[in-house]
Amino acid sequence: MSVNRRDFIKGAAGGGAALATAAVVSVPSPAQARPNLEMSPNAVGLLFDSTLCVGCKACVSGCKEANGLPADVNTSDALWDTPLDIGPKTYNVIKLYADGTADHKDQEKDGFAFIKKSCMHCVDPSCVSVCPVSAMTKDKQTGIVGYNADICIGCRYCVASCPFGVPQSEFDTPTPKIKKCEMCRHRQAEGKIPACAEVCPTGATIFGPLTAINEEIARRRAMKAGEANVFERRTIGSGDTHERPAAQYVNHVYGETEVGGTQFRHMAGVPFDKLGYPNLREKSFASESEGIQHTLYKGLIAPAVVLGGLVWAAKRASHIDDEHPEE
């Protein structure tokens with residue numbers, strides 16, 4: 001008696017299901033989420049203050065020059081660089097929020113505001129967690145999320161896993177790479193700072209140790225709206241300052257708690273959901289997915305279940321052939 005493909009697959013599925021049930025029962029404890037990873041005490045980061053941004057996009061061009069990125073043309077005349085979002089050719093972009101008459105800066109109703117989008121450098125990054133070959137890495141000291149193209153296999157798991165949609169893959173080359181902001185770590189190795197912070201004329205983007213950035217955030221949150229205050233440019237403690245009235249900030253610093261926290265913090269006068277940033281939980285996604293993966297593959301449970309199901313189906317088919325040979 002012959003066994004067709006459908007019978008074999010049904011048998012394999014049945015055997016696999018039986019073995020899977022046994023395997024799950026034998027697991028000593030269910031998958032459990034680990035705690036969020038802790039930030040390094042030496043972590044560095046960026047603070048973007050939307051109320052200081054004038055939309056000049058010097059940070060966009062500075063980033064491209066520092067990273068050797070080509071123009072990202074999205075207009076028919078193709079006269080200049082016109083990126084619409086981050087991508088393989090653009091690691092950092094400034095976007096505009098506008099409502100109604102757009103007469104008032106940093107106001108939600110009838111106002112406008114600028115927002116910066118780039119890699120958030122998560123404390124517990126999903127892209128690093130899902131990468132099967134460790135092409136995505138998180139520096140244990142600085143906390144910078146980096147990428148090694150030499151060992152990347154092009155699976156694009158990092159692209160799918162990022163809640164901010166940051167890692168982007170090239171599609172116009174036979175040897176594509178993942179592209180993203182790495183906080184100018186090559187410049188930092190030379191004693192320089194990220195280009196976006198270096199060229200910003202208003203200090204809307206500043207660089208520094210996360211501890212210092214947190215202190216600066218607390219100082220700005222304590223300011224009274226409308227009163228003159230001093231703001232630094234480039235880095236915390238640079239001494240390069242300018243004075244202007246403090247804005248009315250929303251009571252939320254984006255990046256402090258989202259998915260376990262990030263090293264790129266944002267302050268604004270308009271709610272962040274209006275500025276295009278998603279509402280995210282405090283628990284990192286990596287903390288849960290790793291628990292499931294490690295439980296599933298502990299002792300190679302999943303591959304053993306699949307192999308066992310196939311073996312069982314093959315033996316069953318052979319046994320049926322022995323009992324009912326074709327005439």
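**Group meeting: a walk through one predicted chain**

Hi everyone, let me start with one side chain: E288 has a relative accessibility of 35%, so it counts as partly exposed. By that I mean between the two limits, where buried is under 20% relative accessible area and exposed is over 50%, using a 1.4 Å probe and the protein chains only. Before I go on, please keep in mind that this is a predicted model, so local features need pLDDT of at least 70, side-chain atom pairs count only at pLDDT 80 or more, and totals for chains, interfaces and linings use all residues. Residues are numbered from 1 along each chain as its sequence is written, and side-chain values use heavy atoms, with hydrogens and water left out.

Back to E288, then. What is its salt-bridge partner? E288 pairs with R281, with the closest N and O atoms 3.2 Å apart. A salt bridge here is a side-chain nitrogen of Lys or Arg within 4 Å of a carboxyl oxygen of Asp or Glu. R281 is partly exposed too, at 33% relative accessible area.

Now the overall picture. The chain has 327 residues, and 41% of them count as buried. Its secondary structure comes to nine helices and twelve strands; these are DSSP runs numbered from the N terminus, helices being H or I with at least four residues and strands being E with at least two. Among contacts with a separation of 6 or more, 61% join residues 24 or more positions apart, a contact being heavy atoms within 4.5 Å. The chain exposes about 17,400 Å², and carbon and sulfur atoms supply 55% of that area. Those areas come from the Shrake-Rupley method with a 1.4 Å probe, and for residues only the protein chains shown count as cover.

Staying with charges, the count comes to 16 salt bridges. One of them joins D124 and R34 at 2.8 Å, N to O. It ties together distant parts of the chain, 90 residues apart: D124 sits in the loop between β4 (111–117) and α3 (126–130), while R34 sits in the loop between α1 and β1. Are these two buried or exposed? Both D124 and R34 are buried.

L37 is in that loop between α1 (5–26) and β1 (44–49) as well. Leaving out residues up to four places away in sequence, L37 touches V123 and D124. Its C-alpha is 9.8 Å from that of C122, though 85 residues separate them in sequence. L37 itself is partly exposed, with 41% relative accessible area.

Next, please look at helix α7, residues 210–221. Its twelve residues reach 16 Å from first C-alpha to last, close to the 16 Å expected at 1.5 Å a residue; the expected span is 1.5 Å times one less than the number of residues. Which residues of α7 are buried? They are L210, A212, I213, E216, I217 and R220. These residues lie on the same side of α7, because they cover an arc of only 155° around the axis. The arc is taken from the directions from the helix axis to the C-beta atoms. As a reminder, an α-helix has 3.6 residues a turn, so residues three or four places apart point the same way. The cover over the buried residues of α7 includes β1, β9 (205–209), β10 (228–232) and β12 (264–267). E216 and R220 also belong to a network of salt bridges with D49 and R219.

Helix α2, residues 58–67, has buried residues as well: C59, V60, G62, C63 and K64. They pack against β2 (93–98), β4 and α6 (195–199).

At 4% relative accessibility, F272 counts as buried. Setting aside neighbours within four places in sequence, F272 contacts I115, V250, H252, Y254, H266, M267 and Y277.

To finish, the surface. V133, I151 and I153 make a nonpolar patch of about 240 Å². Patches are made of residues with over 30% relative accessible area and no salt bridge, joining like charges within 9 Å and nonpolar side chains (Val, Leu, Ile, Met, Phe, Trp, Tyr) within 5 Å. I151, in the loop between β6 (145–147) and α4 (157–161), counts as partly exposed at 37% relative accessibility.
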